[in-house]
Amino acid sequence: MGRIAYVNGQFVRHGEAVVHIEDRGYQLADAVYEVWALFDGKLADAEGHFARLERSLSELRIPMPMSRAALTIVLREAVRRNRISEGLLYLQVGRGVAPRGHAFPDQPVPPAVVITVSAVDRATSEAKAAKGVKVITTPENRWGRCDIKTVGLLPNALAKQAAKERGAAEAWFVDDLGFVTEGASSNAWIIDADGVLRTRDTNANILRGVTRRTLLDVLRDEGMKVEERPFTPAEAAAAKEAFITGAGSLVLPVVAVDDTPIGNGEVGPVAMKLRRLYIERARATAV
Ligand code: PDD
C-alpha cells in the first residue's frame with residue numbers, strides 16, 4: 001500500500017488516515033467507489049471510470065465532491081506522492097458524516113472522500129495470467145442495483161472468501177434463471193463452443209464494467225464475434241475458453257469452473273491475446 005492517503009481534503013500518512021465513526025459509508029455503506037488501473041503512473045480508462053462514478057453518485061443523490069477536473073488533479077497528486085507507476089488507485093465517495101439514521105441528513109453534509117494508491121507487480125500478474133485461475137459458482141444474493149458501484153460488498157466479500165477456500169480466484173454469481181451474472185469483483189466471459197465471445201448484457205443486474213466496455217471496443221476493432229448474451233455454468237464448463245475482466249484482473253484467463261476444466265484446462269490463446277490487446281490499449285490511452 002502506498003504511504004500517503006487522501007482523506008477529506010488532506011494528504012496524510014497512510015497509517016494515520018482515519019474517518020469519523022459516524023461516516024455513513026462506514027455505518028450504512030452509503031458510499032460509492034471506483035478503482036482505476038495505473039499504467040506508467042497514469043489512469044487507465046479514465047473517462048469510463050469518471051462517467052460511472054458520476055452516475056453512481058447521481059443514482060444515490062450524492063453530489064460530486066468537486067469538479068471532475070479538480071478530482072483528476074487530486075487523483076494524480078495521490079499517485080505522484082506515492083511514487084507509484086504500476087498499480088491501482090481506489091477512490092471512495094460517501095454521503096458524509098451525520099448522526100446515525102437511515103434517511104439522509106436533513107442538512108446536507110460534505111461528501112466524504114478517501115483515496116489510496118497501491119503498487120502492482122506486473123511480473124507477478126503476468127505469471128498468474130499465464131497459469132490461469134479457477135472460478136467457483138455461487139447463488140446470486142446481492143441487491144437489485146449492482147449497476148451502482150457501492151461499497152456494500154458483503155455478498156461479494158463472502159463469495160470471494162468461499163472461492164479462496166476452494167483454491168479459486170473468483171466466484172461467479174448465478175441468478176435464479178441459472179445464468180452467470182458476473183464475478184465478485186469482475187465481469188465474466190466465455191468463448192463458447194461455437195467460438196463466440198459471450199458476456200452478460202448490461203440490462204441484467206451487473207456492474208457495467210469499464211474494462212468490459214473497452215474490451216468490447218477492442219473486439220469490434222479486431223472483427224471478432226461477440227454477443228452480450230447470458231451463459232450458464234454448464235456452458236462455461238463446455239466453453240473453449242473463459243476469462244474475467246476488471247481494473248484489478250485486467251483480462252485474466254479462467255481454466256476451470258467448479259473444478260471442471262475449461263477446454264484442455266490450460267490458458268487459451270484468445271484470452272491471452274485479448275489480455276495483451278487490452279493492456280496495450282489501456283496503457284496507450286491512460287491519462
Ligand atoms: N471491481 N463487477 C464487479 C462486481 C466489480 O466489483 C468489478 C470491479 C467489475 C469490473 O469493473 P471494471 O472493469 O470497471 O473494474 C465487475 C473492482 C476492481 C474492485 O472492487 O476492486
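Author: α6 and α8 lie roughly perpendicular to each other. Helices here are DSSP runs (H or I, at least four residues), numbered from the N terminus. This is a predicted model, in which local features need pLDDT of at least 70 and side-chain atom pairs pLDDT 80 or more, while totals for chains, interfaces and linings use all residues. Residue numbers start from 1 along each chain as its sequence is written, and side-chain values use heavy atoms, without hydrogens or water.

Helix α6 covers residues 210-222, and its axis crosses that of α8 at roughly 105 degrees, coming within 10 Å. Axes are lines fitted to C-alpha atoms over the stretch in contact, with angles from 0 to 180 degrees between N-to-C directions. From α6, the contact residues include Thr 211, Leu 215, Val 218 and Leu 219. From α8, they include Leu 274, Leu 277 and Tyr 278. Contact means heavy atoms within 4.5 Å. By class, this contact has six nonpolar, two polar and five charged residues. Nonpolar covers Ala, Val, Leu, Ile, Met, Phe, Trp, Tyr, Cys and Pro; charged covers Asp, Glu, Lys and Arg; the others, Gly among them, are polar.

α8 (residues 269-285) also packs on α4 (residues 122-131). Their axes are 11 Å apart, at an angle of about 155 degrees. α4 and α8 are therefore roughly antiparallel. Arg 122, Ser 125, Glu 126, Ala 129 and Ala 130 of α4 meet Met 272, Arg 275, Ile 279 and Arg 283 of α8. Four of these residues are nonpolar, one is polar and four are charged.

Now the domains. The assignment gives domain 1 (4-120) and domain 2 (125-285); such bounds come from an automatic or database assignment. Their centres, taken over C-alpha atoms, are separated by 26 Å. Across the boundary, 25 residues of domain 1 touch 22 of domain 2. The two domains bury about 1900 Å² between them, with 58% on carbon and sulfur atoms. Buried area is the accessible area (1.4 Å probe) lost on putting two parts together, summed over both.

Terms used: Helix = DSSP H or I, 4+ residues; strand = E, 2+ residues; numbered from the N terminus. Parallel < 35°, antiparallel > 145°, perpendicular 65-115°, else oblique.
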